[in-house]
Amino acid sequence: MPSKLWPYITPGIPDDLFENLPGIPLSQRELRLLLISQLRLKSDSVLWDIGAGTGTIPVEVGLLCPQGKVIAVERDEDVANLIKCNCDRFEVKNVEVVQGSAPECLHNINQNPDCVCMEGGKNIQEILQAVWVYLPLSGRVVATAANLESLYAISQSFSQLRARNIEVVQSAVNRLETRGFSQTFVAADPIFIVSGEKLD
């Protein structure tokens, strides 16, 4: 469902259309597209986005799935307000922002997820264990890792939880940017995107 700011049905909103705060991570457009493709959303999916940051994923998914619902979990009040601000900018009405720390706040959410998105986090293993309880059979988790330690933690958790249909994708994105008088390709930091399903 397009908005005035993004009047298209395709995802891939340019990064500079989002409001942001210094030091708060923003999922770059190309990485966002990879992540969303791994979620395998339906028009009425319920997505939990844990550690929603700037709110780029909730906005994109909110527009893609107008009959669905996005629960954006964020512990910091200013960042939670930033997510609300970006939802308002894009006229997204199906995002609920839950301010709190995961996994402690998850029991306050009144809708169980069809899929869960997790972008980093120091206690990612603890959060994965907690969200698994709320996932239905065939529910899906997509998590990102920016370093080897996080990748290992996610892989270890998926093994312990007996996740199925596991996929791992590493991004390799280069963007054309102007530097001085010339244009050059600049590499985005590579990210691992790990997905798995709950089948038993």
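**Exercise 1. Which helices and strands each supply at least two residues of the lining of the largest pocket, and which gives the most?**

Step 1: Go through the elements of this predicted model. The helices that qualify are α1 (29–39) and α2 (56–64), and the strands are β1 (46–50), β2 (69–74) and β5 (140–145).

Step 2: Pick the top contributor. That's α1, with three residues.

**Exercise 2. Describe the largest pocket by volume, lining and residue class.**

Step 1: Start with the space itself, a volume of about 970 Å³.

Step 2: Sort the lining by class. You get 15 nonpolar and 15 polar residues, plus seven charged ones.

**Exercise 3. How many aromatic pairs does the structure hold, and what is the geometry of Phe18 with Phe90?**

Step 1: Count the pairs: the structure holds four.

Step 2: Take Phe18 and Phe90. Their ring centres are 5.1 Å apart, with 40° between the planes.

Step 3: Classify the pair. Stacked needs planes under 30 degrees apart and edge-to-face needs over 60, so at 40° the Phe18–Phe90 pair is tilted.

Step 4: Phe18 is in the segment before α1, while Phe90 is in the loop between α3 (77–89) and β3 (95–99). The pair links distant parts of the chain, 72 residues apart.

Step 5: Check burial, where the cut-off is under 20% relative accessible area. Phe18 comes in at 4%, so it's buried. Phe90 is at 0%, so it's buried too.

**Exercise 4. Trp132 and Phe158 also pair: what is their geometry, and what does the pair tie together?**

Step 1: Read off the geometry, 6.4 Å centre to centre and 50° between the planes, which makes the pair tilted.

Step 2: Find the elements. Trp132 lies in helix α4 (residues 124–134) and Phe158 in helix α5 (residues 148–161), so the pair ties together parts 26 residues apart in sequence.

Step 3: Finish with accessibility. Trp132 has a relative accessible area of 8% and is buried. Phe158, at 1%, also counts as buried.

Methods. Residues are numbered from 1 along each chain as its sequence is written. This is a predicted model: local features need pLDDT of at least 70, side-chain atom pairs count only at pLDDT 80 or more; totals for chains, interfaces and linings use all residues. Side-chain values use heavy atoms; hydrogens and water are left out. On a 1 Å grid over the protein atoms alone, a cavity is a set of points where a 1.4 Å probe fits but cannot get out, and a pocket is an open set with protein on both sides within 12 Å along at least five of seven lines; lining residues have an atom within 4 Å of a point. Grid points are joined across faces, edges and corners, and a volume is the space filled by probe spheres set on the points. Helices (H or I, at least four residues) and strands (E, at least two) are DSSP runs, numbered from the N terminus. Ala, Val, Leu, Ile, Met, Phe, Trp, Tyr, Cys and Pro count as nonpolar, Asp, Glu, Lys and Arg as charged, and the others, Gly among them, as polar. Rings of Phe, Tyr and Trp (its six-membered ring) pair if their centres lie within 6.5 Å; planes under 30 degrees apart count as stacked, over 60 as edge-to-face and the rest as tilted. Buried means under 20% relative accessible area, exposed over 50%, partly exposed in between (1.4 Å probe, protein chains only).
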